[in-house]
Amino acid sequence: MTAVSRIGWMAYAISLLVIALDQASKVWIMEVLRLPEYVPHEVVWPLQFTRIWNQGVSFGLLQAGHDAVRWALVVFSLGVAAFLANWARSNTRRFLGIGLGLVMGGAIGNAIDRTRFGAVVDFLDVSRLGFFPWIFNVADAAITVGVVVLLLDTLRGEPKA
């Protein structure tokens, strides 16, 4: 078994930071603000906080109405995170490590919610822009940005030796 690369440790640190920010933001929304469900709370245009329970995948896609689907999503999320953690282990490309860390942290953050609550807490709402109707959370944002970073890293290709 190979040692974890420096970039691998960076990916793990990013993942832990995303998990901490995601869970802290959800505690703040639910226990400090005590934001009721479906009641928009103005922040600054176009951002508002609107707390919902998301039983589906990111941005409410593929709604899971059955408990077996909930646990399948938890297992899938943790499996993806484990796969990415293994990939990050020997990675030496900084951009790739950033993307892997963001996706790992987001997947684990949402898996924690599904385990604790049976659904994911979403609250970031920019639907007033008119072209983005979904309500999401820090974990969803990290997954989305992470996937974009992974795609950009792929397009960049391997550095010349």
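Reader: Why are Arg128 and Glu42 said to form a salt bridge?

Author: In this predicted model, the closest N and O atoms of Arg128 and Glu42 are 2.9 Å apart. A salt bridge requires a side-chain nitrogen of Lys or Arg within 4 Å of a carboxyl oxygen of Asp or Glu. The value of 2.9 Å lies within that 4 Å limit, so the pair is called a salt bridge.

Reader: What makes this a link between distant parts of the chain?

Author: Arg128 is in the loop between strand E3 (120-125) and strand E4 (135-136), while Glu42 is in strand E1 (residues 41-44). The two residues are 86 residues apart.

Reader: How do you know whether Arg128 is buried, partly exposed or exposed?

Author: Its relative accessible area is 30%. Buried means under 20% and exposed means over 50%, with partly exposed in between, so Arg128 counts as partly exposed. Glu42, at 48% relative accessibility, is therefore also partly exposed.

Reader: What makes Arg93 and Asp153 a salt bridge?

Author: Their closest N and O atoms are 2.2 Å apart, again within the 4 Å limit. Arg93 lies in the loop between H2 and H3 and Asp153 in helix H4 (residues 138-156), so the pair ties together parts that are 60 residues apart in sequence. Arg93 and Asp153 are both buried.

Reader: Which residues make up the largest nonpolar core?

Author: This core has 10 residues: Val4, Ala11, Tyr12, Leu84, Ala88, Leu96, Leu100, Val103, Met104 and Leu150. They are called a nonpolar core because such a set consists of buried residues of nonpolar types joined through side-chain atoms within 4.5 Å. Helix H1 (6-32), helix H2 (67-89) and helix H3 (94-117) each supply at least two of its residues, and H3 gives the most, with four. Apart from this core lies another, of seven residues, including Leu35, Phe49, Phe123 and Leu124. In soluble globular proteins, nonpolar side chains tend to be buried together.

Reader: With which residues is Leu96 in contact, leaving aside its neighbours within four places in sequence?

Author: Leu96 is in contact with Trp87, Asn91, Leu150 and Asp153. Leu150 is, like Leu96, listed in the largest nonpolar core, and Asp153 is the salt-bridge partner of Arg93.

Reader: How many residues of each class has the lining of the largest cavity?

Author: It has four nonpolar, one polar and four charged residues. The lining is formed by Gln23, Lys26, Val27, Met30, Glu31, Asp113, Arg116, Phe117 and Val121. About 50 Å³ of space lies in this cavity, and the structure holds one cavity of 30 Å³ or more. H1 and H3 each supply at least two lining residues, and the largest share, five residues, comes from H1.

Reader: How far apart are Ile14 and Gly101 in sequence and in space?

Author: They are 87 residues apart in sequence and 5.0 Å apart in space, C-alpha to C-alpha. Ile14, in helix H1, touches Ile98, Gly101 and Leu102 when residues up to four places away in sequence are not counted.

Reader: Why is Arg34 called exposed?

Author: Arg34 has 64% relative accessibility, and exposed means over 50%, so Arg34 counts as exposed. Arg34 lies in the loop between H1 and E1 and has a positive phi of about 50° although it is not a glycine. Tyr38 is found in the loop between H1 and E1, with phi near 65°. At 56% relative accessibility, Tyr38 is therefore exposed as well.

Reader: Which peptide bond is cis, with omega near 10°?

Author: The cis bond runs from Trp45 to Pro46. Pro46 is found in the loop between E1 and strand E2 (47-54).

Terms used: Residues are numbered from 1 along each chain as its sequence is written. This is a predicted model: local features need pLDDT of at least 70, side-chain atom pairs count only at pLDDT 80 or more; totals for chains, interfaces and linings use all residues. Side-chain values use heavy atoms; hydrogens and water are left out. Buried means under 20% relative accessible area, exposed over 50%, partly exposed in between (1.4 Å probe, protein chains only). Contact means heavy atoms within 4.5 Å. On a 1 Å grid over the protein atoms alone, a cavity is a set of points where a 1.4 Å probe fits but cannot get out, and a pocket is an open set with protein on both sides within 12 Å along at least five of seven lines; lining residues have an atom within 4 Å of a point. Grid points are joined across faces, edges and corners, and a volume is the space filled by probe spheres set on the points. Ala, Val, Leu, Ile, Met, Phe, Trp, Tyr, Cys and Pro count as nonpolar, Asp, Glu, Lys and Arg as charged, and the others, Gly among them, as polar.
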